[in-house]
Each structure stands twice: as C-alpha cells, then as structure tokens.
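Here is a short briefing on a single protein chain. Please look over the sequence and the model first.

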Amino acid sequence: MKRTALLFSIIAAILFSSCVSKKQKEETISLSGAFALYPLAIKWSEEYQKEHPTIRFNISGGGAGKGMADALSGAVDLGMFSRGIAQEEKDKGVWWVGLTIDAVIPTISDQNLYLSILKKRGLTKEEFSAIFIDGSIKDWGELLKESTKTDIKVYTRSDACGAAETWAKYLGGKQENLKGIGIYGDPGLAEAVVKDHAGIAFNNTIFAYDIKTGKKRPGIEVIPIDINGNGKIDPEEDFYETFEGVLKAIADGVYPSPPARELYFVSKGKPEKQATLDFIKWTLTDGQKFVTEAGYVPIDQTKINEYLEKLN
C-alpha cells in the first residue's frame, strides 16, 4: 500500500514538473495598433505557432496611434504602424522595421446614384481634397455636372490612424484636417459607407476587397483616381475591379504613394525579448511567403536586408 502511494507520488511529481517546465518555456508576444496590418499579423501568428507551439500571441487593433503609444509605453512588445515614422517619434526612441506594403483607397457604396459616371470619370486628387479637406465640393450632382442634386456625406476615422493620416497627406493635409463624420476603425468605416448611398470614405485595401474571392466586399465600391487629371479613367488607371489588379498597381508604382505606404512593427528601442526578435526575423524571411496570400504587397529584398541588419 505504501509502495503504491509512493509510486503515485513520484508520478504526480514528474507530471507536475513537466507541466511547470512546459509553462516556463511558453512565451507571449503582444501586439496592438494598425487595422491595416492586423489581418497579416493574425496570419503570421497562426503560421509561426505551427513551427513554434510554445509561443503565444496577444494581438489587438485600435489604430496606428494606439500601436505607437502602446509600443513607446512598453504596454506591448510590438506596435503595428501604418504611416511614415515622424521625427517626434524618432526623438522618443522608437525602433522600427518595415514589413509589407498596402494602400488606402477611396470608397463609396455600390448603390451610389452616380456610380457609373464615377467609374468612367474618376476623381482627381484636387477634387478629393475639395471634398475631404476644404469642403468646397458638397454635392455629387454639382461635382459631376448632373441635373440631380445629392449631398455628399463624408466619413472619416475617429481614431488616430495611419490610413487617415496617409489619405490626408495625399490630399495635402493631416488627419485633423479631414472633414466628415468620425467612425472608429477600418471595419466600421467600411460599414458606414456601405449603408449610406451618398457617402464617401477611405479604407485600407484589405477592408475593401475580399482576399478569398479577389473581388470587392459586398456593398463596397472604389472610386478610381484620375491620376493624370485628364477627366477620364484611362486603361492604365483602370485596375480596381479585382484585388489582384490593385495589388499589382501598388507593386508597380502605378498607384500613387501616398496613399500607397509601407507598414511597420515599432517598439521602444530594439526589442529585448529574444522571442520577439526571432518572430520579427521570421516575418522578414520565411514569413514573407504569406504576404501576397494575405492580400499585401511584399517589400523588395534590398529593404528586407536593411531591416534584418537592424536585428543584429
């Protein structure tokens, strides 16, 4: 009886020791920030865990502003960031690596009364600026020289985010200069413009297109940018029908930059946790094979090499 009890005690001790050892080996990498990078971060975490099952991830959105703030305060291991790094942020000791490229695109409802005209004519940067920045264009009919009159309902982001800052920069301003009803988050902004047939907004590409079908998400349409300003969408400017077409235009430099931009991981100084450094290195090497699959544009190898150097 005593021998049996002793045996059970030994087995229990071994099992407990094994559990403790396993628990000690598990590490969590926390990320927050840009909605633009969120889907790719989720994809990467899922694939990385297949090779590194003891690594856990805690990933949340909230906008690029939150990602930067959380990173600089040490609240997360990595912030997800979707605009250029400002000098003020560099002065605070931000460390960063670029990961991929996407773009911000102007969106409307697929039930917009003037959709067929807009797809043929597009809008110039100056016209977008007049809608979003100075508010001098307020009516769809007036803008498109149609007899019908319909107020333009402008929507923007309420959270500090890279998409709004990038779109505003393209139009000659900053996020705080953008007019419109503030909506939280990329999914919310997409939903708002779908529901408002007179609305106009902007979204990261991944929230305007469905990567599974390669088509625009239900209810969403994209206003083509008349890049050369000739009053019509030329064949080389007409690439919005499929996600593949948009991504190719971004990769080839046809879609303007901004609103095409690089996406980053940021932290307060170089990360100290080896698990975090290992994960970043993986995203810039093996993880790059998932970039296109997830609906993003890869950065070139020269830049990847520069960012890998920062990990040494």
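Predicted model: local features only at pLDDT ≥ 70, side-chain atom pairs only at ≥ 80, totals over all residues.

Residues are numbered from 1 along each chain as its sequence is written, and side-chain values use heavy atoms, with hydrogens and water left out.

**Overall build**

- The chain has 13 helices and 10 strands. Helices (H or I, at least four residues) and strands (E, at least two) are DSSP runs, numbered from the N terminus.
- The C-alpha atoms fill a box of roughly 95 × 45 × 30 Å along the principal axes.
- Of the 312 residues in the chain, 52% are buried. Buried means under 20% relative accessible area, exposed over 50%, and partly exposed in between (1.4 Å probe, protein chains only).
- Among contacts with a separation of 6 or more, 76% join residues 24 or more positions apart. Contact means heavy atoms within 4.5 Å.

**Pockets**

- The largest pocket has a volume of about 440 Å³. A pocket is an open set of points on a 1 Å grid over the protein atoms alone, where a 1.4 Å probe fits, with protein on both sides within 12 Å along at least five of seven lines. A volume is the space filled by probe spheres set on the points, which are joined across faces, edges and corners.
- The largest pocket has 20 lining residues, meaning residues with an atom within 4 Å of a point. Arg 83, Gly 84, Glu 165, Thr 166 and Lys 169 lie nearest its centre.
- Helix 3 (64–73), helix 8 (162–170) and strand 9 (260–268) each give two or more residues to the lining of the largest pocket. The largest share, 4 residues, comes from strand 9.
- That lining splits into 8 nonpolar, 5 polar and 7 charged residues. Ala, Val, Leu, Ile, Met, Phe, Trp, Tyr, Cys and Pro count as nonpolar, Asp, Glu, Lys and Arg as charged, and the others, Gly among them, as polar.
- The second largest pocket has a volume of about 180 Å³. Its lining residues include Ala 71, Asp 77, Lys 268, Lys 270, Glu 272 and Lys 273.

**Nonpolar core**

- The largest nonpolar core has 95 residues. Such a core is a set of buried Ala, Val, Leu, Ile, Met, Phe, Trp, Tyr and Cys residues joined through side-chain atoms within 4.5 Å.
- Phe 132, Trp 140, Trp 167, Ile 200, Tyr 255 and Phe 265 touch the most other members.
- Strand 4 (residues 94–109) gives the largest share of this core, 8 residues.
- Beyond four places in sequence, Trp 140 touches residues including Ile 108, Tyr 114, Leu 118, Ile 152, Ile 200 and Ile 223.

**Helix 11**

- Phe 243, Val 246, Leu 247, Ala 249 and Ile 250 are the buried residues of helix 11. They cover an arc of only 160° around the axis, so they sit on the same side of helix 11. The arc is that of the directions from the helix axis to the C-beta atoms.
- Glu 244 and Lys 248 are exposed on the other side of helix 11.
- The buried residues of helix 11 pack against strand 4, helix 10 (205–208), strand 9 and strand 10 (297–298).

**Backbone details**

- Just after helix 11, Gly 253 has a positive phi of about 80°.
- The peptide bond from Ser 257 to Pro 258 is cis, with omega near -15°. Another cis peptide bond joins Pro 258 and Pro 259, with omega about 15°.
- Pro 258 lies in the loop between helix 11 (243–251) and strand 9. Pro 259 is found in that loop too.
- Lys 145 is not a glycine, yet has a positive phi of about 60°. Lys 145 is exposed, with a relative accessible area of 72%.

**Buried charged residues**

- Arg 157, in strand 5, is buried at a relative accessible area of 5%. Leaving aside neighbours within four places, its contacts include Phe 35, Gln 175, Asp 186, Phe 202 and Asn 204.
- Lys 43, in helix 2 (residues 38–51), is buried at 18% relative accessible area.
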